[in-house]
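Visitor: Hi, I'm new to this. Could you show me the structure and walk me through it?

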Protein chains: 2
Amino acid sequence: MRACTESAELGLFTEPAYTLHREASEHPLLLVCEHASRFIPAGLTDLGLSHEAAREHIAWDIGALALAERLSAALGATLLAANYSRLLIDLNRPLGAQDSIPAKSEIYDIPGNRDLDEATREYRRECLFKPFHDRLQTLIDQRLAQGRPVRVVGIHSFTPVYHGQPRTLEAGVLFGEAKDYAQRLLDGLSQHPVKVAGNEPYKINPLGDMTVPVHGDARGLEAVLIEVRNDLLRTPEGIDRWTDYLRPLL
Amino acid sequence: MRACTESAELGLFTEPAYTLHREASEHPLLLVCEHASRFIPAGLTDLGLSHEAAREHIAWDIGALALAERLSAALGATLLAANYSRLLIDLNRPLGAQDSIPAKSEIYDIPGNRDLDEATREYRRECLFKPFHDRLQTLIDQRLAQGRPVRVVGIHSFTPVYHGQPRTLEAGVLFGEAKDYAQRLLDGLSQHPVKVAGNEPYKINPLGDMTVPVHGDARGLEAVLIEVRNDLLRTPEGIDRWTDYLRPLL
């Protein structure tokens with residue numbers, strides 16, 4: 001395979017796959033933001049999407065990075081955040097899953113992901129997916145080797161209207177095995193005037209997810225995803241509010 | 001995608017992806033044999049391997065199915081066994097891993113897996129990998145929904161000579177989170193005159209394995225792989241011996 005920075009034809013991924021904040025933190029929390037960015041290299045011309053669609057929730061989790069960065073700063077906790085759009089390859093889906101490199105997302109067709117050849121898929125796997133997950137695995141390995149506790153928390157957001165249906169839910173805690181930790185988060189959030197539920201609006205699937213089952217549950221570590229409706233994260237006040245809610249709970 | 005039984009060009013997978021034995025068993029044990037078969041459809045001409053190489057350990061885990069079937073019969077436990085060679089797609093590797101559809105295995109090049117197009121890869125994923133893992137997931141789901149305990153045990157074998165080096169180890173128990181269960185198996189096997197070790201000759205990697213991390217550890221279920229050196233499984237007496245060793249322990 002050609003180097004990630006050297007194939008204009010396949011995408012020219014000159015940015016690193018991820019940004020790591022506060023690597024040396026001693027906080028047990030590892031914050032992860034798989035859908036942090038809507039960045040698509042210019043050579044890929046927004047994968048054929050309209051200017052508007054490429055800035056919509058299908059390309060990234062709007063507000064999730066802002067919230068994750070604020071939580072990382074407030075707690076002094078490590079944050080691993082993706083630098084590329086989930087539309088290139090979804091970091092929270094196993095490789096080869098139908099929606100790993102989606103040809104359709106919600107109501108949007110994604111022309112630039114249709115009929116991709118294996119070289120393009122491999123390029124995205126090797127340049128975007130593997131660096132991110134290898135780094136996350138190494139971060140966890142190093143801490144466990146030092147006898148330190150590790151919790152893995154992904155920060156996500158969801159769209160207030162999905163397939164035309166409005167969603168009244170404001171936040172969700174998605175979990176598999178970390179039932180106690182998830183319940184503590186749900187109990188804590190329920191102290192505030194927010195509509196929150198466990199395993200809504202999505203459920204963790206061990207065959208369909210990455211962060212929670214692979215990096216958390218499969219290693220016996222507490223791991224959850226926090227989902228906040230993205231219309232609540234569009235202002236600095238919204239980010240402040242959710243930082244205040246989550247900070248004492250994580 | 002074309003139906004799995006209808007594309008001569010891509011492989012013509014007319015056999016089902018797996019065989020399920022004793023589906024209605026009430027035993028908590030779910031036996032899995034991912035590398036049970038060396039079957040490669042005739043149209044794929046042994047993937048360009050020599051007649052001998054296509055019958056070697058790279059194509060399947062020699063003796064593993066015989067042992068798994070004997071254990072299934074002896075315990076009355078369910079067994080899910082693959083019907084196709086691991087060389088078409090490895091059922092114990094995540095999709096998209098380098099060795100999911102290997103172009104090389106140990107010292108053998110696999111011409112029929114070189115430069116595969118995406119249609120061929122998708123065909124193998126959809127016709128071989130997904131049916132197997134969806135069925136295993138459903139089996140587990142159904143039992144958990146009935147409040148029944150579930151343990152997942154993969155039966156594997158390994159080659160006595162690997163990259164030219166002889167192996168003196170006779171059996172291994174590979175585990176991630178199921179440390180107590182693995183230790184009971186190791187203690188039990190150590191009562192017999194066999195050379196056995198934990199996490200040898202391989203180690204479970206949450207990013208590189210399927211059965212143990214995804215179906216077991218990520219769901220909080222006890223899950224291990226049993227590895228037996230394949231020269232010990234080449235006779236009916238060998239199968240009998242290892243069945244007797246393992247039967248009271250599983």
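Visitor: Which way do L29(A), L31(A) and C33(A) point from β2(A), and which way do L30(A) and V32(A)?

Guide: L29(A), L31(A) and C33(A) point one way from β2(A), while L30(A) and V32(A) point the other way, and all are buried. Buried means under 20% relative accessible area, against over 50% for exposed and partly exposed in between (1.4 Å probe, protein chains only). Strands (E, at least two residues) and helices (H or I, at least four) are DSSP runs numbered from the N terminus. Keep in mind that this is a predicted model: local features need pLDDT of at least 70, side-chain atom pairs count only at pLDDT 80 or more, and totals for chains, interfaces and linings use all residues. Residues are numbered from 1 along each chain as its sequence is written, chains are lettered from A and ligands numbered from 1 in the order in which they are written, and side-chain values use heavy atoms, with hydrogens and water left out.

Visitor: Okay, and which strands does β2(A) join up with?

Guide: Four bridges join β2(A) to β6 (residues 151-158) of chain A, and these two run parallel. Another partner is β3 (residues 78-82) of chain A, also parallel to β2(A) and joined to it by four bridges. For strands to pair, DSSP has to find at least two bridges between them.

Visitor: What stands opposite L31(A) in β6(A)?

Guide: That's V153(A). On the β3(A) side, L30(A) stands opposite T78(A).

Visitor: How does the chain cross from β2(A) to β3(A)?

Guide: The chain goes through helix α1 (residues 64-75) of chain A, in a right-handed β-α-β crossover. Right-handed means that, with the strands pointing away from you, the path from the first strand over the helix to the second runs clockwise.

Visitor: Switching to chain B: which residues of α3(B) are buried?

Guide: In α3 (residues 179-189) of chain B, the buried ones are Y181(B), A182(B), L185(B), L186(B), G188(B) and L189(B). They cover an arc of only 165° around the axis, so they sit on the same side of α3(B). That arc is taken from the directions from the helix axis to the C-beta atoms.

Visitor: Why would residues three or four places apart point the same way?

Guide: Because an α-helix has 3.6 residues a turn.

Visitor: Last one: how many helices and strands does chain A have?

Guide: Chain A has five helices and 11 strands. Buried residues make up 58% of its 250 residues, and its C-alpha trace spans about 50 × 45 × 30 Å along the principal axes.
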